[in-house]
Amino acid sequence: MNHIGKLMLLTALLSSSVAFGQLTEDPEDRRDQGKDPLRTQTPEGRPLPFGQRLRFGGGINGFRFGNPFSLGVSPVVAYQATERLLVGVGGTYNYTRYKGYTTSGTTVPLETYNQFGGRGFAMFEMIPAILPNLYAHGEVETTTIQVTENQTGRKASYGLTAPLLGLTYSQPISRRFGINLTALYNLNYNQNQSLSQAIYGSPFVLRLSFF
């Protein structure tokens, strides 16, 4: 009976270990089966915890050398709401410097732009069976731009809210990280064209981001 009891205890321990392993199996294990990892659940269909659905990243945008010189950063936090829907928020900061020319041909600082903004966005994978990783993309971005006239020191601030619609193609690197190429159209561009041109440069917005 002693041996039988030990055998039953060993069997119970092994069974519980296997069950625990199944409960905590990583979605990445689906790659061994030639399938993409699930985004919101384990291979057994159990929902992933909130923290494992989050993505962090961002991008560098508005990068220009010469006159003007411009450089911007845009951090992003995104949440995988469903297998096909991704929602998130992001911030934007852009620095732009314009130079002018004197009568002797030398350059002097002319204007400096400091641009701050925030946005909320949603991405929906449209036809995953035919065109995987292609998303319909919509967002609303609010931007404040501060203009400084370097020769006089005068400052002025302007604000703009822009709804943007377009597409994003995401190349997955892992389940929670990818390279994203986004093309958007600014629906408000013509309503305040001078300010929109200062902020966006064009009604078409192209971005390269990582999250």
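Asn186 touches Ala162, Pro163, Leu164, Ser196, Tyr200 and Pro203 when residues up to four places away in sequence are not counted, a contact being defined as heavy atoms within 4.5 Å. The structure is a predicted model, in which local features need pLDDT of at least 70 and side-chain atom pairs count only at pLDDT 80 or more, whereas totals for chains, interfaces and linings use all residues. Residues are numbered from 1 along each chain as its sequence is written, and side-chain values use heavy atoms, with hydrogens and water left out.

Asn186 belongs to strand β7, which covers residues 177–186; helices (H or I, at least four residues) and strands (E, at least two) are DSSP runs, numbered from the N terminus. With a relative accessible area of 0%, Asn186 is buried, because buried means under 20% relative accessible area, while exposed means over 50% and partly exposed lies in between (1.4 Å probe, protein chains only). Accessible areas come from the Shrake-Rupley method with a 1.4 Å probe, and for residues only the protein chains shown count as cover. Between Asn186 and Leu165 there are 21 residues in sequence, yet 6.9 Å in space from C-alpha to C-alpha.

The chain as a whole contains two helices and eight strands, which follow the pattern α-β-β-β-β-β-β-β-α-β when read along the sequence. Of its 211 residues, 33% are buried. Among contacts in the chain with a separation of 6 or more, 50% join residues 24 or more positions apart. The chain exposes about 12,500 Å², and carbon and sulfur atoms supply 63% of this area.

Leaving aside neighbours within four places in sequence, Glu125 is in contact with Arg39, Glu83, Arg84, Pro132, Asn133, Leu134 and Tyr135. Asn133 is itself found in the loop between β4 and β5 and is buried, with a relative accessible area of 14%. The phi angle of Asn133 is near 70°, a positive value in a residue other than glycine. The spaces within the model were examined on a 1 Å grid over the protein atoms alone, where a cavity is a set of points at which a 1.4 Å probe fits but cannot get out, and a pocket is an open set with protein on both sides within 12 Å along at least five of seven lines; lining residues have an atom within 4 Å of a point. Grid points are joined across faces, edges and corners, and a volume is the space filled by probe spheres set on the points.

The largest pocket has a volume of about 560 Å³. It is lined by 26 residues, of which Asn61, Gly62, Asn94, Ile199 and Tyr200 are the closest to its centre. At least two lining residues come from each of β1, β2 (69–80), β3 (85–101), β4, β5 (134–149), α2 (193–199) and β8. The lining of the largest pocket divides into twelve nonpolar, ten polar and four charged residues, where Ala, Val, Leu, Ile, Met, Phe, Trp, Tyr, Cys and Pro count as nonpolar, Asp, Glu, Lys and Arg as charged, and the others, Gly among them, as polar.

Two cavities of 30 Å³ or more are found in the whole structure. The largest cavity holds about 50 Å³ of space and is lined by Arg119, Phe121, His137, Thr182, Arg207, Ser209 and Phe211. The elements that give two or more residues to this lining are β4 and β8 (204–210), and its residues comprise two nonpolar, three polar and two charged. The second largest cavity holds about 40 Å³, and its lining consists of Gly59, Ile60, Asn61, Ser74, Arg119, Arg207, Leu208 and Ser209. To the lining of the second largest cavity, β1 (54–64) and β8 each supply at least two residues, and by class this lining has two nonpolar, four polar and two charged residues.
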